[in-house]
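User: I have a model open and would like to go through its packing with you. Could you take my questions one at a time?

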Amino acid sequence: MGTKSKVFLLMCLVAIGGQSVLCLDLGQSCINPRGQQGSCIQFQECQPLVSIYNKPVRTDDDKQFLLASRCGTFNTKTLVCCVGAASSGGRNSLPQPPNCGIQLTDRVVGGQPTKIDEFPWTALIEFQKADGRSGFHCGGSLINPTHIVTAAHCINAIPRSWKPHRIRLGEWDLGSNSDCLDDFCAPQPVDLEIEKIIVHPGYDSRDKANLNDIALIRFKRDVQYSDVIRPICLPLSPSVRNRNYVGASSYAAGWGKTETASASDKKLKVELNIKSQEECAPIFARGGIFLKPSQICAGGVRGKDTCSGDSGGPLMRQVSGTWYLLGVVSFGPQKCGTAGVPGVYTNVMEYTDWIKNNIE
């Protein structure tokens, strides 16, 4: 196929146990051996089938069910037709590990451009402007097939003539029609129409501290997951939500302004250490901005920061192999990457209940 095309196993037939089985692409709908509808995903992400596989003693029926559940391969990994909690999840539910927070490659190196399939939950918000032009000015994070989390100020603190128009997923290089790197070419990005926007009712665009700077955007249709479109996990479990992350390394990713003050066409990432409130709050209090526990600080190293174009994007950390959304990019120093001045992020751990209650 060459370097200009990604090999996808579509509409092929594979022989399994003497039977011909339709071979599907990652994320496609499928029917399992019991006639139930599911999604074709990697075996290790399908908890019901993994549980059968890990049984101390597997019956012949178990073995046959596992075998007949295969629906293809992707990058030499087995795909299975997964039904229930381990599939892509209902349109109104939130996935939990191992059905979120997984990128198909794990090549994180601090402060570098991303690989095409790194952080596949990063989203872009496209705004329609009064003069007919449009542009991407904020980011977000995919959390299930129908929603992204973003910043409230991306909705309520923008020019009046701007209107959130669409959500783009699966993007890497805005300057290229075809994203290819290291013999891998991604599918075309997906643009999704917006059905509904829910801004946190406690957000006030006049508040210098940007409290409750969080919003949800719902798509008009479900998005199909792929190797470059996958959800990030929310910190739903107490073990993840109640951890002390102070001093821990985290990452932010987006296409926003860099330290050279020009927007990047390619998705970038930056490694940032999480700061304590005791260390961070006094820095902003000097300017009359009073932070709350519903906010997280990260960064403060010269030249390493998120900037205005990254607003709404993720602050994330890997816990036990799974990526979790810890923060939403909110605001920071006027000059990005100012030494000793961290960026401020909405603390997602404080808003998981609000998110769950507003996923419709």
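This is a predicted model: local features need pLDDT of at least 70, side-chain atom pairs count only at pLDDT 80 or more; totals for chains, interfaces and linings use all residues.

User: Okay, which residues touch the most other members in the largest nonpolar core?

Analyst: The largest nonpolar core has 47 residues, and those touching the most other members are L142, I143, I167, L169 and I355. Strand β14, residues 215-219, supplies the largest share of this core, with four residues.

User: And where does that core lie relative to the domains?

Analyst: It lies between domain 2 (122-219) and domain 3 (238-348), because both of them give residues to it.

User: What does I167 touch, leaving out residues up to four places away in sequence?

Analyst: With those left out, I167 is in contact with A123, L124, I125, I148, V190, D191, L192, I194, I217 and F219. Apart from this core there is another one, of 18 residues, which includes C233, V240, A298 and M349.

User: Let's look at V240, then; is it buried or exposed?

Analyst: V240 is buried, since its relative accessible area is 4% and the cut-off for buried is under 20%. V240 sits in helix α4, residues 238-241, and, not counting residues up to four places away in sequence, V240 touches P235, Y245 and Y324.

User: How far is V240 from M349, going by C-alpha atoms?

Analyst: Their C-alpha atoms are separated by 8.7 Å, although V240 and M349 are 109 residues apart along the chain.

User: Changing topic: which residues of helix α2 are buried?

Analyst: In α2, which spans residues 60-68, the buried ones are D62, F65 and L66. Viewed down the helix axis, the buried residues of α2 fall within an arc of 100 degrees, so they line one face. An α-helix has 3.6 residues a turn, so residues three or four places apart point the same way.

User: What covers that face, and what is on the other side?

Analyst: The cover over the buried residues of α2 includes α1 (47-53) and β5 (70-74), whereas D60 and D61, on the other side of α2, are exposed.

User: Last one: in what order do the strands of the barrel run?

Analyst: Six strands close into the barrel in the order β15-β16-β17-β20-β19-β18, with antiparallel pairing. Neighbouring strands of this sheet are turned against each other by 45 degrees on average, with direction ignored.

User: How many bridges join β18 and β19?

Analyst: Strands β18 (residues 314-319) and β19 (residues 322-331) pair in the antiparallel sense over six bridges, and P314 has V328 in β19 as its bridge partner.

Definitions and conventions:
Residues are numbered from 1 along each chain as its sequence is written. Side-chain values use heavy atoms; hydrogens and water are left out. A nonpolar core is a set of buried Ala, Val, Leu, Ile, Met, Phe, Trp, Tyr and Cys residues joined through side-chain atoms within 4.5 Å. Buried means under 20% relative accessible area, exposed over 50%, partly exposed in between (1.4 Å probe, protein chains only). Helices (H or I, at least four residues) and strands (E, at least two) are DSSP runs, numbered from the N terminus. Domain bounds come from an automatic or database domain assignment. Contact means heavy atoms within 4.5 Å. The arc is that of the directions from the helix axis to the C-beta atoms. Two strands pair if DSSP finds at least two bridges between them. Axes are lines fitted to C-alpha atoms, for helices over the stretch in contact, and angles run from 0 to 180 degrees between N-to-C directions.
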